[in-house]
Structure formats: C-alpha cells, structure tokens
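Subject: Structure handover

Hello,

Here is the structure I promised you. Please open it and keep it beside this note while you read.

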Amino acid sequence: MVSRVIPVDDFDLVIFGGTGDLARRKILPGLYRRFVAGQMPAEARIIGAARSELDDEGYRQDVRDALKEFLAKADQSEEQIAAFLSRLHYVSIDARGEDGWKELNQLMRDGVVRAFYFSVAPALFGDLAERLHHHKIAGRDSRIVVEKPFGRDLESAKALNATLAEHFDETQIYRIDHYLGKETVQNLMVVRFANVLFEPLWNAQYVDHIQITVAETVGVGGRGSYYDKSGAMRDMVQNHLMQLLCLIAMEPPSRFDPDAVRDEKLKVIRALDPVDPADIVRGQYEAKGKANSYIDDVENDESRTESFIAMKLHVSNWRWAGTPFYIRTGKRLRARQSEIAVVFKDAPHSIFGAQAGRHRNILTIRLQPNDGMKLGVTIKEPGPGGMRLIDVPLDMTFADALGSDGEAVPEAYERLIMDVVRGNQTLFMRGDEVEAAWAWTDPIINGWQDRDDRPHEYEPGTAGPEEAAMLMHRENRRWRDIKE
Ligand code: NDP
Ligand code: BG6
C-alpha cells in the first residue's frame, strides 16, 4: 500500500489534562505516531497543562514513560522519542485559578494554528473556555477539542453548548466521538456512497433488519465512579452507537463536507421513534461466587446501572419504515467484537424448492478487530445430490486486501487531532446533533428511574443476558455470534 501522508499546517496544541489517563494512553502516543509518520511540521509544538508542578523536563520524562507503556514495541525508537519529546512543553495551570495563564500566553506563537484540547473533567470545560477568552489566548481562528461525555442529559448538554458558545463559534468547537475516527467507520460512507452495488438495496424493501454490536471484554476498569453514574446507555449508546446508526441509516449527503454530512446524521436521530420499554434489555455482569462482579468494580452494592444494553429501534422515514435496527453493547462479554450486519430479505421466491434450503445475504462490516467486510452469497453446494444451497462468504480483511500491516493506518485519536489542525469538522459532532441524541435518550433513562428498573444479570464471558437473545427470537431473528 502506498502511504500518502500530507503534512498539516504548523500548530501549537495545548493539552489541558496533559498528565491524565487519556493524554498518556491515547493523545500523546497518537501524536508521536503522526510525528514519526512525518505529518507534523518541523516547528509544531505540544504544550501539556495541568495543576501538577512540573517543568518541561519533568513533563518530557512523564511522557517518555507513557510512550514506553502505551506504544507498541515496534513503534518505539529512542531517536524518534527524543526528537518528539523536544517538541513538548509544560505549563502548570489550574483551570479554576488565575496562575499560569500568563506563562501559557507567552509560550503561544502567532501565525500558527492554535488548538486547545480539553482532556479534563467536563465540569472544567466552561472554566477553560472562559479563561482562554479572558486572557486573550484563544482568538477567532483558534480551535477547542472537547472530550466526552458532552453532558449527561439534554439540559446539561444545552447548558454546556451555551457556555462554549459564549466564547467560541460552532466552527471552532470539535466535539470528539473517537468512533468517527476509526478507519472502518469512515469506510462505511465510502462503501455506501462510492459503490453502485449497495445503495439501491439499502432500504426497507430489501433489508430485513440491521444489527449493530459493540462488545467489549474489559470491565469498567479504574473508571467505576464515572461509569456507575453513566451506564452503557450514556457511555456508549448516546454517542458511539448512535453515530454508527446514523452513518448506516442516513441519506447520501450532497458533498463530503462537515455540514452536509452532519445535517443528514441529524435527520436520522430526529427520525428515531421513542423506544417501547419491552424492546430494551439492560444487563449487569455478575460473576457467580467470584469477585469482580460489576458491583465490586464500582463499589456500589445497590447499583442498578447497566453494563450491557440491547434495544430494538425504528427509524421512521420512507427509507427505513418497517426495518428494525437492533443494537447492543456491553462490558465483560465473550469477545471484543464490533460489527454492523445488514441482513437482507429472502429472495422473493425459491425456484429450487424447500429441500434446497434458503439463505439470506448478510453484509457484515467489522470495525474491530481485523476490520473488513464480508458478504454472504448463496451458491450451490458442490457435488452430486441435486440442488443444495449453501452460504459462502466473500471475505475481505482490509489489511490483507490492501497489503497493509495495520500499523500504517492511523488510529482514531491521531486522525481526529490532525483533522482539528486541518480545520475539518466532518468527523466531529455538531452541537445540535448531540442535543438531538440526548433528547431521544433522556425519556428512556427517565423511564428506568420512574419504574425503578433493575438490570438482568449476566455471566462475564457470555453474550449478555438471555433476555437479549429473546428480543430477537420472538421475531424469528437471531443475533450474530460474539466469537472469540
Ligand atoms: P484523569 O483524571 O486521568 O486526568 C485528568 C487531568 O486533568 C489530569 O492531567 C489532571 O492533572 C488535570 N486536572 C484536574 N483538575 C484540573 C484543574 N483544576 N486544572 C487543570 N488541570 C486539571 O482523566 P482522564 O484523562 O481519564 O479523562 C479526561 C477527559 O477525557 C474526561 O473528560 C473524560 O471523560 C474523557 N475521556 C477519558 C477516557 C479515558 O479512557 N480515560 C475515554 C473517553 C473520554 P492535575 O491533577 O495535575 O491537575
Ligand atoms: C469510550 C467509553 O468512549 O469507548 C469506554 O467511555 C469504552 O467505556 C471505549 O470502553 C471503547 O472504545 P474502543 O475504541 O476500545 O472500542
């Protein structure tokens, strides 16, 4: 595969929360990989900012440790790490205090892109926006990058949008949903809109149903206190799964530009029907007789938060009326597997008779691991014995098909940060999109609270609670396997 790295404009990137978990695990290793790929201009700088008292050298040492811990061994080169670290600076700043801002202002260069990554708790987003403005560090062409969660309901999301809008125009605000930076998620749009093959069939006339699965093997890890207040609905469905659903269901945008794409996604969210409680299954992992049940992980015996959710949704528009979308996501499941399956309807009439059997065409788009696509095609089983039909896959793992070793493909965070520097908002959520997603989510969550709803138990290492399988079985459908 030919690697075509297009350098971006010169930039100063300030990472508020530059010593935190996200910065150490994703943002800084991602920037290092872009540096090694030759995408960062020679003068570009990264400035870490947090309350800890560190100087540039101390910060560089901390980042060196993070790179050693979180980069693949093959990506680590002493020479490159040293060169990358020399781009790093550090300023000690309290988002809620007045110290440090003058020093930050003095460090920033004129005439280059200024980007400010808010990798701190959401409660500090407003403080940062206000102080950047007050100290005249951010101007009309600066950009801010805002991490999730963007609010915890419609009201708080609206309030946050309003606070940011006091100091920044919408064109300056980059709301991160890292799923949009995943290679195959972007490929969804290309597969749909650059091939004639699929789009004529991409509607309720030909599609029986669509399944979206984001299964994780990890539990809530060290983020128990955040997660227990969020659950799978707020943590995954309102953002990542909603974005996948939008890209699958939306109408073709007229152009691949930020507003054209986001307008179409917004229409999908607004077309979602309220969900019948009977079409939702919530689960919580419970390791029988062992430690590490969900309630141990979050240290809350009374918790009713879901670590798994499965739902049946309807997009009420001409394209999708009558085609259900089944979505599910959960932690501590059997395998890490994210995929979208488009299950087509049966051929209208079988000329081969009932004994030949019937198979449906299924297009599977794998996001991770081994991203790729598979199309199930029905053929004759070879050999004598009459017409027996079998299903064979046209299988394409992108790394094999493109001859890439997988390492050359930028990970979600690195791609998205480079898009910020380029000023391309296509893969970021617009304020009205986030609000529409909460407007759909809120009544569902409020309903659970009103009914005092309890999640079903499920054993770690399974596909979730039995009830989730029933959601499909009762309609003669079945989930695709979650396989190791
Ligand atoms: P951490 O708690 O690990 O890091 C928080 C960072 O903020 C530290 O650098 C901390 O440094 C700094 N900080 C805290 N208070 C202040 C303050 N008053 N002024 C300036 N800096 C401050 O959090 P994460 O890195 O995990 O999360 C950061 C953001 O990213 C959150 O919004 C989170 O929701 C989001 N996110 C995180 C993910 C993850 O996997 N970690 C995944 C998706 C989103 P110091 O104490 O020195 O000030
Ligand atoms: C984050 C969620 O946004 O996405 C986590 O907060 C989740 O709970 C993670 O584990 C999953 O991302 P990925 O890229 O590993 O599928």
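Two strands count as paired if DSSP finds at least two bridges between them. Keep that in mind for the strands below. One caution: this is a predicted model.

Start with β9, residues 308-313. Which residue stands opposite I309 in β9? It is R282. Strand β8 covers residues 280-285. β8 and β9 pair in the antiparallel sense, over 4 bridges.

β9 also pairs with β10, residues 325-330. That pairing is antiparallel too, and it runs over 6 bridges. Here A310 has R328 in β10 as its bridge partner.

Now look at the side chains. F308, A310 and K312 point one way from β9. I309, M311 and L313 point the other way. Are these residues buried or exposed? All are buried. Buried means under 20% relative accessible area. With 6 of its 6 residues buried, β9 is largely enclosed by the rest of the structure.

Next, go to β12, residues 362-368. This strand is mostly covered, with 6 of its 7 residues buried. β11 (residues 337-344) pairs with β12 in the antiparallel sense over 6 bridges. In that pairing, A341 is bridged to T364 of β12.

β13 (residues 372-380) pairs with β12 as well, antiparallel, over 4 bridges. I365 stands opposite M373 in β13. β12 and β13 form a hairpin, with 3 residues between them. In the turn, N370 has a positive phi of about 50°. P369 is also in the loop between β12 and β13. A cis peptide bond joins Q368 and P369, with omega about -10°.

**Helix α5**

Helix α5 spans residues 125-134. Why call it largely enclosed by the rest of the structure? Because 7 of its 10 residues are buried. They are F125, G126, D127, L128, A129, R131 and L132. What do the buried residues pack against? Their partners are β1 (11-16), α4 (101-107), β4 (113-118), β5 (143-146) and α6 (154-167). Just after α5 comes K136, with a positive phi of about 55°.

**Ligand 1**

Now the ligands. There are 21 residues around ligand 1. Which come nearest? T19, D21, R25, S52 and V120 do. Helix α1 (residues 21-36) gives the largest share of this shell, with 3 residues. By class, the shell has 8 nonpolar, 6 polar and 7 charged residues.

- R25: an N or O atom of its side chain is 2.6 Å from an oxygen atom of ligand 1.
- G20: a polar backbone atom is 3.0 Å from an oxygen atom of ligand 1.
- G17: a backbone N or O atom is 3.4 Å from an oxygen atom of ligand 1.

On its own, ligand 1 exposes 880 Å², and the protein buries 77% of that.

**Ligand 2**

Ligand 2 is surrounded by K148, H178, Y179, K182, E216, R223, D235, M236, H240, K331, R336 and Q368. How do these residues divide by class? The shell has 2 nonpolar, 3 polar and 7 charged residues. Helix α8 (residues 224-249) gives the most, with 3 residues.

- H240: a polar side-chain atom lies 2.7 Å from an oxygen atom of ligand 2.
- K331: a polar side-chain atom lies 2.8 Å from an oxygen atom of ligand 2.
- Q368: an N or O atom of its side chain is 2.7 Å from an oxygen atom of ligand 2.

P149 lies in the loop between β5 and α6.

D452 has a phi near 55°, a positive value in a residue other than glycine. Find D452 in the loop between α13 (431-451) and β15 (456-458). N476 also has a positive phi near 55°. It sits in the segment after α14 (466-473). Is N476 buried or exposed? N476 is exposed, with a relative accessible area of 75%.

Best wishes

Terms used. Residues numbered from 1 in each chain as written. Chains lettered and ligands numbered in written order. Predicted model: local features only at pLDDT ≥ 70, side-chain atom pairs only at ≥ 80, totals over all residues. Heavy atoms only, no water. Buried < 20%, exposed > 50% of the residue type's maximum accessible area, 1.4 Å probe, protein only. Helix = DSSP H or I, 4+ residues; strand = E, 2+ residues; numbered from the N terminus. Contact = heavy atoms within 4.5 Å. Near = heavy atom within 4 Å. Polar contact = N/O pair within 3.5 Å; in protein donor to acceptor, adjacent residues only side chain to side chain. Nonpolar A, V, L, I, M, F, W, Y, C, P; charged D, E, K, R; others polar. Areas by Shrake-Rupley, 256 points an atom, 1.4 Å probe, with all protein chains shown as cover.
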